[in-house]
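Please examine the sequence and the structure shown below before reading on.

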Amino acid sequence: MIEYVLLLLGAAIMVLGALGILRFPDVYTRLHASTKCDTGGAMSILIATALIIPAPTMVKIKLLVLTFLIVMINPMVSHAIARGAHKSGVKPKGEVDMYARDNP
Amino acid sequence: MAGEDFLVDPLGWTILVLLATSIILFYRVLTGPTMPDRIVGLNTITTKVVVVIALMAGFLEEYFLIDLAIVLIMVNAVGGLILAKHFERGKKDD
C-alpha cells in the first residue's frame, strides 16, 4: 500500500515541478522548482519501484544506488548552472528588500 | 506483465505521466529566453528520462536497463558541469 502512495506522490510532484518550470519568471526561480521537485519526485518514484517489482535483491540495491546518484548529482548540476548563469550576466528579476518592507 | 497490460499497471501510468510532463517541458527548451533556461529544461528532461528507463526496467522485467539509467545520469552530470563551465567564461549572448 505504501509503495502506491509513494508512486502517486512522486508523479504529482513531477507534474508540479514541470508547471513551475513553465510558469516562473526567471532562471533562478526555475532552478528552484527544477531542483526540489525533480530530486524529490525521482527519489519517491524509484523507492516505490524498488518496493513494487518482484526482483532479486541485487536489482533492488541497484535501484537504491540509482536513487543515491540522483540525489547527489542533481543539486550539484543545478548549483553549477546557477553559478554559471550569474557569472555570465543573467540578472534575477525579483528584488528582495526586506528592510524596506518592514519599515515603510 | 509483458506490455499488453500497459494501462492496468501503476508503473505504466507513471510512465505516461512522466512522458507527458517531458513533452510539456519541451516548450521551455524551445522558447527559453536565455540559454540557461534551456539548460534547466534539458537537465529536468534527462532526469525524467532516467526515471522512465528505471520504470521500464521494472515493467518489462528487463533488469539490465537499470545499468543504462545509471550511465545516463552520470553522463548528465558531466554534460551539465561542462555547460556550466562554458557559461562562466562566455558572454550573455544567446
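Helices (H or I, at least four residues) and strands (E, at least two) are DSSP runs, numbered from the N terminus. By this definition, chain B has 3 helices and 0 strands, and along the sequence its pattern reads α-α-α. Chain A has 4 helices and 0 strands, in the order α-α-α-α.

This is a predicted model, in which local features need pLDDT of at least 70, side-chain atom pairs count only at pLDDT 80 or more, and totals for chains, interfaces and linings use all residues. Residues are numbered from 1 along each chain as its sequence is written, while chains are lettered from A and ligands numbered from 1 in the order in which they are written.

The overall form of each chain may be considered next. The radius of gyration is taken over C-alpha atoms, and the globule rule is 2.2 Å times the number of residues to the power 0.38. Chain A has a radius of gyration of 18 Å, whereas a compact globule of 104 residues would have one near 13 Å. Its C-alpha atoms fill a box of roughly 60 × 30 × 25 Å along the principal axes. For the 94 residues of chain B the globule rule gives 12 Å; the radius of gyration is 16 Å, well over that value, so chain B is more spread out than a compact globule. The C-alpha trace of chain B spans about 50 × 25 × 10 Å along its principal axes.

Two further terms describe how residues are surrounded. A residue is buried if 20 or more other C-beta atoms lie within 10 Å of its own, exposed if 12 or fewer, and partly exposed in between, with C-beta atoms placed from the backbone. Of the 104 residues of chain A, 38% count as buried; of the 94 residues of chain B, 39% do. Two residues are in contact if their C-beta atoms, placed from the backbone, lie within 7 Å. Among contacts in chain A between residues at least 6 apart in sequence, 67% join residues at least 24 apart. In chain B, residues 24 or more positions apart account for 50% of the contacts with a separation of 6 or more.

Within chain A, how do the axes of α2(A) and α3(A) cross? Axes are lines fitted to C-alpha atoms, for helices over the stretch in contact, and angles run from 0 to 180 degrees between N-to-C directions. The axes of α2(A) and α3(A) come within 9 Å and cross at roughly 175°. Therefore α2(A) is roughly antiparallel to α3(A), since angles under 35 degrees count as roughly parallel, over 145 as roughly antiparallel, 65 to 115 as roughly perpendicular and the rest as oblique. The residues of this contact comprise 17 nonpolar, 7 polar and 2 charged. In these classes, Ala, Val, Leu, Ile, Met, Phe, Trp, Tyr, Cys and Pro count as nonpolar, Asp, Glu, Lys and Arg as charged, and the others, Gly among them, as polar.

A:M43 lies in helix α2 (residues 27-52) of chain A. A:M43 is partly exposed because 19 other C-beta atoms lie within 10 Å. Apart from its neighbours within four places in sequence, A:M43 is in contact with A:T67, A:I70 and A:V71. The C-alpha atoms of A:M43 and A:L7 are separated by 9.9 Å, although the two residues are 36 apart along the chain. A:L8 belongs to helix α1 of chain A, and A:L8 is partly exposed, with 17 other C-beta atoms within 10 Å. Between the C-alpha atoms of A:L8 and A:A48, 40 residues apart along the chain, the separation is 9.4 Å.

In chain B, helix α2 (residues 35-60) has 21 of its 26 residues buried and is thus mostly covered. α2(B) is followed by B:E61, whose phi is positive, near 60°.

Finally, the two chains meet. 40 residues of chain A are in contact with 40 residues of chain B. On the side of chain A that touches chain B, α1 (2-23), α2 and α3 (57-87) each supply at least two residues, and α3(A) gives the most, with 17 residues. The residues of that side divide into 29 nonpolar, 6 polar and 5 charged. α3(A) packs with helix α3 (residues 65-88) of chain B at an angle of about 10°, their axes being 9 Å apart. This makes α3(A) roughly parallel to α3(B). The contact of α3(A) with α3(B) has 20 nonpolar, 3 polar and 5 charged residues.
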